[in-house]
Amino acid sequence: MMMKIRIRQVNPHIVCSLCAGYFIDATTITECLHTFCKSCIVKYLQSSKCCPHCNMKIHETQPLANLRADRTLQDIVYKLVPGLFENEEKRREEFYNSRGLGNEKKDGDENTLLKPSTIINHPDGHQYRFDEQICLCLERYGPQSVQNGSYQLRPLEKKFVRCSIRVLVSQVKGLLRKKLSLPEYLDLDVLCQEEKLMEEMSMKQLFLMHWFQKDSPMVLFYRLKQRYNTSTECSS
C-alpha cells in the first residue's frame, strides 16, 4: 500500500530559512551542506562570512567560492510544489520585460530556468546518480604525535564529505591519507562511536549499525597508527 505524504511534512527540507519560501535556484554551502535560495544566500554573504543556519565560517575572504548549485534538490522542489516552476518562469519573464531585456535574454543565460522534465538531458543539468548519497563529517580523534617522527595529526580544513552509500571504509581512509599528506610509515584507524571500523564495511552498513535515526551528517573519527618504526629503516 502506497503511503501518502503531505507537503507540509517535507516543508522543513525544501523551504529557505532566509526568505521562508520554497527553494529557487537551490544553492548549498559546501562547508556545512546547508541549502538556501541562490539570491538569498548571495545577498546574505555580502555582510557575513558565516552560514546563517549554523554560524560556521564559510571562508575568511571569499565565502561565495564555497557555494554550489543543487540541481537535484531544485528539481525535487519543482516536482513537489504544483505551479512553482511556471510561476517563477513567469516572474522572471516579467522582470526582464519590465527592464526592456526580453528580446536580449538568451537561452544560455544562467538565469534561465531548466524545466524539471528536461533537466536530466540538459548539458548544464545535474547528472543523476542511481545510488543513495550520505553526508559524512570527518573529525580528528584527538591531537596526536608519533614516536620516531615529526608528523603531527591535524584537523581537516574541509571536514564535510558527500559520497555514495557504497563507499567503503578503506576508501575513506584513502581519502584521508591524501588530504592529510600522510607519510608511508603511518596509517589511520577510522572510528564511529569509539569503535574501530573494518575496512570492508560500507557506509550503508555503517549507517544502519551505528547511525540509524540520528541527525546528518554521520560523524567518523580518524586517528594515527604506526606501520613500522622509522628508526629501523635502512639509510641510503
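So, the accessible surface of the protein chain is about 15,800 Å², and 51% of that belongs to carbon and sulfur atoms; these areas are Shrake-Rupley with a 1.4 Å probe, and for residues only the protein chains shown count as cover. Before I go on: this is a predicted model, where local features need pLDDT of at least 70, side-chain atom pairs count only at pLDDT 80 or more, and totals for chains, interfaces and linings use all residues. Residues are numbered from 1 along each chain as its sequence is written, and side-chain values use heavy atoms, with hydrogens and water left out.

The chain has 236 residues, and 36% count as buried, meaning under 20% relative accessible area, with exposed over 50% and partly exposed in between.

On to the fold: six helices and eight strands, taken as DSSP runs (helices H or I, at least four residues; strands E, at least two) numbered from the N terminus. The order along the sequence is α-β-β-α-β-α-α-β-β-α-β-β-α-β. As for contacts, meaning heavy atoms within 4.5 Å, take those between residues at least 6 apart in sequence: 60% join residues at least 24 apart.

How values were computed: Buried means under 20% relative accessible area, exposed over 50%, partly exposed in between (1.4 Å probe, protein chains only).
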